[in-house]
Amino acid sequence: MRSPPLIYCACARISFYMKLIAEIIDELGGEYKNSFTVCPGRLAYFKNVRAVAELSPEKITLVCGGYTVDVNGAGLTVREYYRGDMAVEGDVFGVAVQRGESGRLFRKRGADGREGKE
């Protein structure tokens, strides 16, 4: 078990890096609340996760605000989830982002199989 000073140092370091990433994204004109960070082969960190649409060791599909994010890799697991922030651990080798319909978690399909309005 880690001692409290080591845990505090780790939390302070993570907080520093998250603030730095937020500043960089803001400078580039991006939107921090829907951002993600990937360390290939190890870990991916996502903000504003609203739902998990698919979960397997090879692929995880997340609904993040108006986006759908596909994480591809090997041995993928959800390491942590707290208040919309999710850490995915494993051999991450690909991330694909698609813009979804604003404000909806899932698209509704009609009896004929085509997408319809709710």
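This short talk goes through the salt bridges in the structure above. The model is predicted, so local features need pLDDT of at least 70 and side-chain atom pairs count only at pLDDT 80 or more, while totals for chains, interfaces and linings use all residues. Residues are numbered from 1 along each chain as its sequence is written, and side-chain values use heavy atoms, with hydrogens and water left out.

How many salt bridges does the structure hold? There are four. By salt bridge I mean a side-chain nitrogen of Lys or Arg within 4 Å of a carboxyl oxygen of Asp or Glu.

I start with Lys-47 and Asp-85, whose side chains meet at 3.3 Å, N to O. Lys-47 sits in the loop between β2 (43–46) and β3 (49–55), and Asp-85 is in strand β6 (residues 85–99), so this pair links distant parts of the chain, 38 residues apart. Strands here are DSSP runs of E, at least two residues, and helices are runs of H or I, at least four, numbered from the N terminus. Lys-47 is buried, at 15% relative accessible area, whereas Asp-85 is partly exposed at 22%. Buried means under 20%, exposed over 50%, and partly exposed in between, using a 1.4 Å probe and protein chains only.

Next come Lys-59 and Glu-54, with 4.0 Å from N to O. Lys-59 is partly exposed at 27%, and Glu-54 is partly exposed at 35%.

Then Arg-79 pairs with Glu-89, closest N and O atoms 3.8 Å apart. Arg-79 lies in strand β5 (residues 67–82) and Glu-89 in strand β6, so the bridge ties together parts ten residues apart in sequence. Arg-79, Glu-80 and Glu-89 are linked in a network of salt bridges.
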